[in-house]
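Welcome! Take a moment to look over the sequence and the 3D view, and then let us walk through a few parts together.

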Amino acid sequence: MTKPSLPELLHAAVAAVGGTERPGQAAMAGAVAEAVDDNAHLLVQAGTGTGKSLGYLVPALAHGERVVVATATLALQRQLVERDLPRTVEALHPLLRRRPQFAMLKGRSNYLCLHRLHEGVPQDEEDGLFDQFEAAAPSSKLGQDLLRMRDWADDTETGDRDDLTPGVSDRAWAQVSVSSRECLGATKCAYGAECFAETARERAKLADVVVTNHALLAIDAIEGAPVLPQHEVLIVDEAHELVSRVTGVATGELTPGQVNRAVRRAAKLVNEKAADALQTASEGFERVMELALPGRLEEVPEDLGYALMALRDAARTVISALGSTRDKSVQDEDAVRKQAMASVESIHSVAERITQGSEYDVVWYERHDRFGASVRVAPLSVSGLLREKLFTERSVVLTSATLKLGGDFNGVGASLGLAPEGTAGDDVPQWKGLDVGSPFDYPKQGILYVARHLATPGREGSRTDMLDELAELVEAAGGRTLGLFSSMRAAQAAAEELRGRQDRPILLQGEETLGELIKNFAADPETCLFGTLSLWQGVDVPGPSCQLVVMDRIPFPRPDDPLMSARQKAVEEAGGNGFMAVAATHAALLMAQGAGRLVRATGDKGVVAVLDPRLANARYGSYLRASLPDFWYTTDRNQVRRSLAAIDAAAKAAP
């Protein structure tokens with residue numbers, strides 16, 4: 001029998017999910033198939049509505065080797081495993097004459113731990129070990145959640161937190177889950193044979209397609225111990241998020257509270273001398289942190305250096321001693337020891353990393369209203385790590401609606417450790433960039449309006465002219481507004497101001513869960529939704545409820561952001577343009593994501609309004625505009641009000 005062609009396979013898959021075949025999707029599928037066959041790398045930008053999931057799943061399934069698909073958001077993971085993969089596998093089965101298996105794999109703490117559930121949580125010293133179901137009053141929210149999870153444990157096949165609906169708080173979930181460091185290991189655990197995390201791993205080993213997240217992909221690359229099964233093809237969806245997720249996994253943190261917990265956990269398990277040394281080091285660290293002021297530490301201050309060395313040495317002594325001492329009063333000693341070991345090892349590794357000092361690390365103090373001060377350490381860049389760990393020994397496809405910034409892929413490529421496209425060399429990963437466009441007619445469906453007449457936003461202070469402009473635009477649009485703000489304070493100020501000026505409902509991030517806010521925003525066209533970062537890329541509301549997307553200012557990183565400013569400085573010291581390479585790239589990515597909230601379907605129409613004149617006036621404005629969808633561009637405020645009013649009238653007149 002002849003092998004089915006890629007267009008045949010794609011046609012069958014698109015029909016199975018009830019979609020429409022699009023030229024961009026076909027071009028993407030062809031390019032993915034070619035990259036996979038040639039063991040090459042591909043960056044592919046596929047606009048909203050292209051159908052990019054099938055654009056990579058069909059050629060990957062047809063190839064026949066094991067594929068790992070890594071996504072950034074839970075929503076896309078679920079869509080792939082619950083909708084796209086089952087239908088695609090069924091549709092391709094008659095043509096491929098095989099039924100590829102697929103599985104989801106996440107980090108261990110995402111799965112219910114049966115040992116924790118049945119044996120209780122090893123608690124800090126003053127509480128002893130307690131049965132969390134007895135201790136949490138059944139009438140309390142925590143108690144009710146714990147009882148519900150105990151019932152759920154008997155029914156669930158996966159033990160995956162995201163399959164528990166409604167969900168529970170982080171505090172409740174912490175009572176029934178463990179990190180990989182705290183896990184006893186399947187062979188030592190009484191519940192090892194039934195373990196949900198182990199079952200998920202076994203399933204992944206047998207699957208042809210493993211769906212995971214960016215964080216687990218980063219852990220797999222950084223830790224050295226393979227978490228993901230061996231695979232020939234890696235597909236990174238939502239690839240614009242990858243660098244920040246990998247940076248997050250590679251960031252270490254120390255807080256006085258965390259150190260105190262480790263002291264309490266270890267105290268019963270080691271000799272008095274070792275426990276006292278860790279307690280003394282903990283108190284010294286706490287004293288230093290009381291005086292910590294937020295900001296980057298170009299050099300580790302002497303007092304912090306001494307405190308961290310004392311912590312490192314005391315932690316090392318405790319780690320050695322943990323293996324030998326036995327306290328007869330401790331119940332479930334293995335679990336208690338494992339939790340204590342995990343806490344102390346974490347402190348040792350961060351303290352050692354900061355005291356050793358590396359030119360490739362950035363160290364800074366942070367202060368949080370609720371949790372106090374912390375010292376953090378993060379890699380100056382993850383590009384070398386990604387180049388070495390990601391682009392060797394397998395074909396990598398990276399895709400997103402926003403990978404092409406300022407007209408090419410080289411900016412995003414550089415952040416991933418790739419040399420400019422077409423650079424030759426033995427040690428240089430070869431890659432191609434492809435923009436397959438979008439099925440939407442952006443110049444006809446959307447307007448990009450820049451409020452050129454407004455004052456340039458300063459660092460602080462109220463922007464009354466911006467708030468006046470915002471109120472007028474919302475009025476002209478008849479509500480229907482998604483407001484994307486550069487800070488929570490700015491979003492709150494705008495919500496307060498507009499609530500005082502008019503009667504339309506203004507929803508504000510933080511006043512409800514994100515899912516609830518988006519649902520309410522979509523349900524009522526007169527409603528506005530204001531918020532910050534997670535709204536810039538997490539909202540999918542096609543139709544008349546979202547016809548105006550407002551950005552209060554260009555979302556450059558804050559000048560006092562320790563990591564971003566360090567990265568900018570490093571580029572400048574190497575002879576590059578730090579502002580363009582770091583700050584402008586960061587802003588372009590966010591603005592492209594934000595502008596992408598407007599047109600989600602072929603019938604959508606509306607305006608993206610940027611209330612920052614620098615987008616029109618500054619030299620870098622053209623670079624940022626080139627990163628946005630190709631909307632019709634204007635700085636004429638009257639024209640925009642007329643257009644919004646016409647769009648509003650058309651939406652009201654529609655049946």
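## Two crossing helices

Helices α19 and α20 cross in a right-handed way, a crossing being right-handed if the near helix is turned clockwise from the far one by less than a right angle, and left-handed if anticlockwise. The model is predicted: local features need pLDDT of at least 70 and side-chain atom pairs count only at pLDDT 80 or more, while totals for chains, interfaces and linings use all residues. Residues are numbered from 1 along each chain as its sequence is written, and side-chain values use heavy atoms, with hydrogens and water left out. Helices (H or I, at least four residues) and strands (E, at least two) are DSSP runs, numbered from the N terminus.

Two packed helices are described by the angle between their axes and the distance between the axes. Here, α19 (residues 464-477) and α20 (residues 488-501) pack at about 55°, and their axes are 10 Å apart. Those axes are lines fitted to C-alpha atoms, for helices over the stretch in contact, with angles from 0 to 180 degrees between N-to-C directions. The angle makes α19 oblique to α20; under 35 degrees counts as roughly parallel, over 145 as roughly antiparallel, 65 to 115 as roughly perpendicular and the rest as oblique. On the α19 side, L467, D468, L470, A471 and V474 make the contact, and on the α20 side A494, E497, L498 and R501 do, where contact means heavy atoms within 4.5 Å.

## A four-stranded open sheet

Which order do the four strands of the open sheet follow? They run β6-β9-β8-β7, with antiparallel pairing. At the edges stand β6 (252-254) and β7 (295-296), each with a single partner strand, so one side of each has no neighbour in the sheet. Two strands count as paired if DSSP finds at least two bridges between them.

Eight bridges link β8 (residues 361-368) and β9 (residues 372-379) in the antiparallel sense, and a hairpin of three residues joins β8 to β9. V362 sits opposite A378 in β9, while W364 has R376 as its bridge partner there. Strand β9 also pairs with β6, in the antiparallel sense over three bridges, with G252 partnered by V377. Six of the eight residues of β9 are buried, so β9 is largely enclosed by the rest of the structure; buried means under 20% relative accessible area, exposed over 50% and partly exposed in between (1.4 Å probe, protein chains only).

## An enclosed strand

Is strand β4 (residues 209-213) largely enclosed or open, and why? Five of its five residues are buried, so β4 is largely enclosed by the rest of the structure. In a regular strand the side chains alternate between the two faces of the sheet. In β4, V209, V211 and N213 point one way, whereas V210 and T212 point the other way.

Strand β4 runs parallel to β2 (residues 67-71), joined by five bridges, and V67 has V209 as its bridge partner. Strand β3 (residues 102-104) is also parallel to β4, with three bridges between them, and M104 stands opposite V211.

## The helix at residues 6-16

Helix α1 (residues 6-16) has L9, L10, A12, A13 and V14 buried. Their cover includes α2 (23-37), α3 (52-63) and α4 (74-96). Just after α1, G18 takes a positive phi of about 70°.
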